[in-house]
Amino acid sequence: MTRRTTTLAAVSAVALAASLALTGCSSSDDKPRLEVSGAFMPQPVMDMAGGFLTIKNDSGTADKLTSVTSPISDDVTIHETKNQKMQQVTSFDIPANGELKLERGGNHIMFMELKSKPKQGDKVSIELHFEKADPIKVDVPVEAANHNPQQH
């Protein structure tokens, strides 16, 4: 009888250890936890506009911003600014336990050939697409053309 109890206890311990190991390896724990803040679009003066925001990653898994889509334009791209020159890129890194800042004079979102020109006070819907994380929808407030959050 003691031998049977010991065997059952050993089998239970192995089953518990296996379930704990599976829980630790679940795919939901491996996904980056991303949060968007500080989003804004300066009121466009032409048929294009810039978009700015911060993506914070509160996980140990790095990710990449791979694209942005919006009903306001069929041509939304992401750009980096190097040596005062803009160039389109295919992705931006979002470091583990870090953040990606898209800001005036730096990396940013470009909306080309706007279907309509949003005015200050409007909101523009965008969807951010990532390599690992699920897409994030953001309603971006349209601010004054000269808005700069670093001065507020």
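Author: Start with a definition. Buried means under 20% relative accessible area, exposed over 50%, and partly exposed in between (1.4 Å probe, protein chains only). This is a predicted model, where local features need pLDDT of at least 70, side-chain atom pairs count only at pLDDT 80 or more, and totals for chains, interfaces and linings use all residues. Residues are numbered from 1 along each chain as its sequence is written, and side-chain values use heavy atoms, without hydrogens and water.

Reader: Is Met46 buried, exposed or partly exposed, and why?

Author: Met46 has a relative accessible area of 46%, so Met46 is partly exposed.

Reader: Where is Met46 placed?

Author: Strands are DSSP runs of E, at least two residues, numbered from the N terminus. Met46 sits in the loop between strand S1 (34-42) and S2.

Reader: Which residues is Val68 in contact with, leaving aside neighbours within four places in sequence?

Author: Contact means heavy atoms within 4.5 Å. For Val68, the list includes Val76, Ile78, Ile109 and Leu128.

Reader: How do the side chains along strand S7 point?

Author: They alternate along S7 (residues 99-102). Leu100 and Leu102 point to one face and are buried.

Reader: How many bridges join S2 to S7?

Author: Two strands pair if DSSP finds at least two bridges between them. Here 4 bridges join S2 (residues 49-57) to S7, and the two run antiparallel. Thr54 stands opposite Lys101 in S7.
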